[in-house]
Amino acid sequence: MFRKLAVLIFIILLGNAGFAFTDDSHSWDALKGRLVADGFNREYVDTVFSASSLEYDSAMMARKMRALLKRRFEPPAKKVAREKEFDERYIGPIMLAGGYSYLREHYGLLQEIDKQYGVAPSVLVALLLVETKLGFTLGEAPAFNNLANMAASPDPLKFFDALGYERLEEKDMVWLKKRTQKKADWAYKELSALLKFSSENSMVPTEIPGSPYGAFGICQFMPSTAVHYAVDGDGDGVIDLFTRDDALFSMASFLKRHGWKNSLSKKKKLKVIYRYNHSMVYARTIYEVARNLEKIRSTFGPD
């Protein structure tokens, strides 16, 4: 399924990446077996899971399920607060000044991307500003570790004591088991995608920093998004979403393949942006940032 060369490169990197088999390696057996059954190279999988930084911990799944249980048992709110229009933090003068400075500095590259994908420079800069503060906040959590721990925790009995409930009724326990399995399956899908993407681009998967739920790179793609939409923007033969060109081209690729056109109505643009992050507040924030950047550009120009 994967190129033998990538496996060999990864194993060579092993000696320089702090790998050593951990005492709790048996905790990964079921997960490793599932990956191999799905076509991953056994040697590659064993090498990845031998990382000294990788330790089984069900705490993340416990936190997620604890939050869902709390929501399940809380009485419905008497009055639902009106959803805010957009996140005003990104429309302030400091954020917009940073966004405009980035747009001006990289305007030539952004124009090139616009010609190829039909995505306006202001939209890409708006996405980059909101996602990672223009590449300055990438997240420090090991994306692989978090996804692996969630994927390896499909049974709530593994962490029941951490949920804060002495016992649950049978119907609640059935619900909890279904939700935990669903989240574990989601994490497994993203973990598989991360292994595929890192293998194809000669990356050490356990050394990729990301968000608590596995988004990584300047553009904060989930692994499955990276596999399907990321492109080699700078033409060096690999896709590195921590580099400017690859990240910007990949963001444009994602938007175009979800139907983006600069001529779309506001309503249709919001629908496309929503696919990037399933939140209408998020979508409207991106739209407002882009609109304000266009106003600044029309006043002061790109140079």
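This is a predicted model: local features need pLDDT of at least 70, side-chain atom pairs count only at pLDDT 80 or more; totals for chains, interfaces and linings use all residues.
Student: Which residues does F49 contact, leaving aside its neighbours within four places in sequence?

Tutor: F49 is in contact with W28, L31, K32, L35, L54, F144 and A148. Two of these, F144 and A148, are among the buried residues of α8.

Student: Which members of the largest nonpolar core touch the most other members?

Tutor: They are L31, F49, F221 and L255, in a core of 90 residues. Helix α9, residues 170-200, supplies the largest share of this core, with 10 residues.

Student: Is S50 buried or exposed?

Tutor: S50 counts as buried because its relative accessibility is 4%, and the cut-off for buried is under 20%. S50 sits in the loop between α3 (42-48) and α4 (59-73). A polar atom of the S50 side chain lies 2.7 Å from the backbone oxygen of T47.

Student: Now the pockets. What is the volume of the largest pocket, and which residues lie nearest its centre?

Tutor: Rolling a probe the size of a water molecule over the atoms shows where empty space is left. Here the largest pocket has a volume of about 800 Å³. Its lining has 23 residues, and M222, R275, Y276, N277 and H278 lie nearest the centre. Elements giving two or more residues to that lining are α7 (121-132), α9, α10 (223-229) and α12 (266-276).

Student: How many residues of each class are in the lining of the largest pocket?

Tutor: There are 10 nonpolar, 6 polar and 7 charged residues in that lining.

Student: What lines the second largest pocket?

Tutor: That pocket holds about 160 Å³ of space. Its lining includes A120, W260, K269, Y287, R291 and E294. Two or more lining residues come from each of α7, α12 and α13 (280-300). Helix α13 gives the most, with 5 residues. By class, the lining of the second largest pocket has 7 nonpolar, 2 polar and 3 charged residues.

How values were computed: Residues are numbered from 1 along each chain as its sequence is written. Side-chain values use heavy atoms; hydrogens and water are left out. Buried means under 20% relative accessible area, exposed over 50%, partly exposed in between (1.4 Å probe, protein chains only). Helices (H or I, at least four residues) and strands (E, at least two) are DSSP runs, numbered from the N terminus. A nonpolar core is a set of buried Ala, Val, Leu, Ile, Met, Phe, Trp, Tyr and Cys residues joined through side-chain atoms within 4.5 Å. Contact means heavy atoms within 4.5 Å. On a 1 Å grid over the protein atoms alone, a cavity is a set of points where a 1.4 Å probe fits but cannot get out, and a pocket is an open set with protein on both sides within 12 Å along at least five of seven lines; lining residues have an atom within 4 Å of a point. Grid points are joined across faces, edges and corners, and a volume is the space filled by probe spheres set on the points. Ala, Val, Leu, Ile, Met, Phe, Trp, Tyr, Cys and Pro count as nonpolar, Asp, Glu, Lys and Arg as charged, and the others, Gly among them, as polar. A polar contact is a pair of N or O atoms within 3.5 Å; within protein, one must be able to donate a hydrogen and the other to accept it, and residues adjacent in sequence count only if both atoms are side-chain atoms.
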